[in-house]
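I set out to record what can be read from this model.

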Amino acid sequence: MKGTVTVIEKGDVRVHSYMAPDDSLNVTTQLIETAACVIAVDAQYALAYADEVAEYVAGLGKPLQRVIITHAHPDHFHGAGRLGAPVHALAAVRDAIAAQGDGQDPSGAVIPASEVIPTVVITPGTELIDGITLVYEAVSGGEAADELVIKLPDHGVLVAQDLVYHHAHLFLGQNDIDGWEATTRRLASDDAYDTILAGHGLPAGREVFGEMLEYLAAARELLGDDGEAYKKAIVERFPSYGSPFLIDIGNQYLFGGQEQ
């Protein structure tokens, strides 16, 4: 296996976090294992790593009940069709994925839109799955225009995905540092959650909120009108952080004329 799996025991829930290697942006799929099933949150960018996730789930010996997509960035939904379960998302996220049409794997293979468009709409609120309470919250302000946060209040687990990165460089293509800071502070204000699951990087504790705010403040300070100069400066500020290619992708939107 090329990805890295971290397993966290939380009473009657076991969380398996699969982080792809740096060559696939350290994107992380969360696998929430209950007594009877597995719930996947986000589905990888490269199909090869989605296949690793599928193989890992098969080894757990429990059915994959659903795949939840938290936002409409391809690195989190390209592999959805490889996991073999119904795909769920907020209506706004479903519509944004559908609008993108067919995708392309890093290998060059076409990813038909029909394989990844969510078919089940998530309504914000509370759902009970196999006796486990999940709270769905829709968030605007952060890495993407619309994102889903999932909370497991009885287990202290916050599935933040791309609202939180852990020791990985941020994608700033949405150009919403202010909104991201406000969302981070709001998430940090709820001290009921001690396990924070990031969309890029390994699981973290509450200290990750301070790290995120430090990075966002640095981005505001360093982000001028030259993408290469910004990348050099932010990498020098955070030399141990992974996935610097995320800076390049963000710079294409900030300076290269692409639209989110």
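Entry 1. I looked up which elements the buried residues of α5 pack against, and I found β13 (157-165), α4 (177-188), β14 (195-200), α6 (227-237) and α7 (245-255). Contact here means heavy atoms within 4.5 Å. The buried residues of α5 are V208, F209, M212, Y215, L216, A218 and A219; buried means under 20% relative accessible area (1.4 Å probe, protein chains only). Helices (H or I, at least four residues) and strands (E, at least two) are DSSP runs numbered from the N terminus.

Entry 2. I noted the basis of these values. The model is predicted, so local features need pLDDT of at least 70 and side-chain atom pairs count only at pLDDT 80 or more, while totals for chains, interfaces and linings use all residues. Residues are numbered from 1 along each chain as its sequence is written, and side-chain values use heavy atoms, with hydrogens and water left out.

Entry 3. I turned to an open sheet of 7 strands, in the order β1-β2-β3-β4-β5-β6-β9 with mixed pairing. Its edge strands, β1 (4-10) and β9 (120-122), each pair on one side only; two strands pair if DSSP finds at least two bridges between them. I found that β1 and β2 (residues 13-19) pair in the antiparallel sense over 7 bridges, and that T6 has S17 in β2 as its bridge partner.

Entry 4. Buried residues make up 53% of its 260 residues.

Notes:
Buried < 20%, exposed > 50% of the residue type's maximum accessible area, 1.4 Å probe, protein only.
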